[in-house]
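Here are my notes on this model, point by point. Please read them with the coordinates open.

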Amino acid sequence: MNTYARLPILFERGEGSYLFDVEGKRYIDFLSGLGVSSVGHSHPKVVSAIKAQAEKLIHTSNLFYTSPQIELAKKIVGLSFADKVFFANSGAEANEGAVKLARKYSKAKKGEGCYEIITALRSFHGRTMKMLAATGQPDKQRPFEPMPVGFKHIPLNEIETLRSTISEKTCAIMLEPIQGEGGVYPCDKDYLKAIRRLCDESGLILIFDEVQTGIGRTGEMFAYEFYGIEPDIMTLAKGLGGGLPIGALLAKDEFSRAFSPGDHGSTFGGNLLVCAAALAVLEVIDKEDLLTNCKNMSVKIMKRLEAMPKSSGITEIRGTGLMIGIELASPGAKAAVKSALSKGLIINAIGDRIIRFLPPLSIGEKEIDLAMDIFEDVIMSRSGKEEMI
């Protein structure tokens, strides 16, 4: 169906930070499948884990225990604040689970009228109907109205606005620590700490949507560590499976106990194959010290961006780790993406003023030098001729 404005290119294979099209042309991947291919393309350890698991068993349903799922759940619990994990197929599905868990817990504790969830304007929580309602982007909602009820949207980083929006109906606050699809807008540290205190004082649940920020994207395994606070519920997806579809709903024990058998489920969620891949991804991140690499390579990219001439048209550089947004003074982001692609660099546009970088956590200095040379050429070539873009 006509759901993506696809670029005219046909990829055949990937290796590390590079993709190759059917004609053999090489591209530096500064998008990593929208943050999914976290340890690079076709990492040997991930491929080996997938092959080994596929040769033994791929699927049993969640009516039974499986070793890869148990091992992955233990691994994630050990790495995070959470006590329990539920595996889904995607970020949207994990977020659906988070909303269901928060509502059931709150209704049991505070009554039927406590179901509303506050989210942020410009947020993005998925494309299912409920997650579209949670998403704070009216343009994305309008074609599909009426929206499911129960969500309020507030401006990011305005604590008094948030405070005044809370009512007896509010059960939870759901935020991305750094808004990804909305334009790479980070939450302020003081803002999130104030929200944590507010939730503790008011008995509200704090949900972090770490679908994009999770699994090392900020240089910490989870973005909440960068901010120095813990949520009560958290969702993960993109980088966890290294290319295979997986989402995860994490919760502290008090909240996870709200679910009973039959409340929630997923036929394919967390099957043996994707859990084996996710275990391999987490092992690669640890053994190859990719969190440190993420921080170091982020510094290198930021320095190159900050050194670009004022005539580049860049007005702001945002983000943390290898989640970087570059805002332009005038429209041209989509044209820059096409120009970069023609020169062998894959980047992403959000609207027509913001360019997004989401390279693999394993990206190296050589690839960054090549990529930033291309990007500087692209961005400077538009200088003075914005009307063409």
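Is aspartate 232 buried or exposed? This is a predicted model, so read every value as computed.

1. Aspartate 232 is buried, because its relative accessible area is 5%, under the 20% cut-off. Its side chain meets that of arginine 196 in a salt bridge, 3.1 Å from N to O. Arginine 196 lies in helix H8 and aspartate 232 in the loop between H9 and E11, so the pair ties together parts 36 residues apart in sequence. Arginine 196 is also buried, at 10% relative accessibility.

2. Lysine 252 forms a salt bridge with aspartate 232 too, at 3.8 Å, N to O. Lysine 252 sits in the loop between E12 and H10, 20 residues from aspartate 232. Lysine 252 is partly exposed, at 22%. Shared partners join Arg196, Asp200, Glu230, Asp232 and Lys252 into one network.

3. The structure has 21 salt bridges. One of them pairs lysine 109 with glutamate 254, at 3.5 Å, N to O. Lysine 109 is in H4 and glutamate 254 in H10, 145 residues apart. Lysine 109 is exposed at 56%; glutamate 254 is partly exposed at 38%.

4. Check helix H3, residues 67-79. Pro68, Gln69, Leu72, Ala73 and Ile76 are buried there. They span an arc of only 130° around the axis, so they fall on the same side of H3. Lys74 and Gly78, on the other side, are exposed. The buried residues pack against H2, E4, E12 and H11.

5. The largest nonpolar core holds 94 residues. H11 supplies its largest share, 10 residues.

Methods: Residues numbered from 1 in each chain as written. Predicted model: local features only at pLDDT ≥ 70, side-chain atom pairs only at ≥ 80, totals over all residues. Heavy atoms only, no water. Helix = DSSP H or I, 4+ residues; strand = E, 2+ residues; numbered from the N terminus. Expected span 1.5 Å × (residues − 1). Buried < 20%, exposed > 50% of the residue type's maximum accessible area, 1.4 Å probe, protein only. Arc of directions from axis to C-beta. Contact = heavy atoms within 4.5 Å. Core = buried A, V, L, I, M, F, W, Y, C linked by side-chain atoms within 4.5 Å. Salt bridge = Lys/Arg side-chain N within 4 Å of Asp/Glu carboxyl O.
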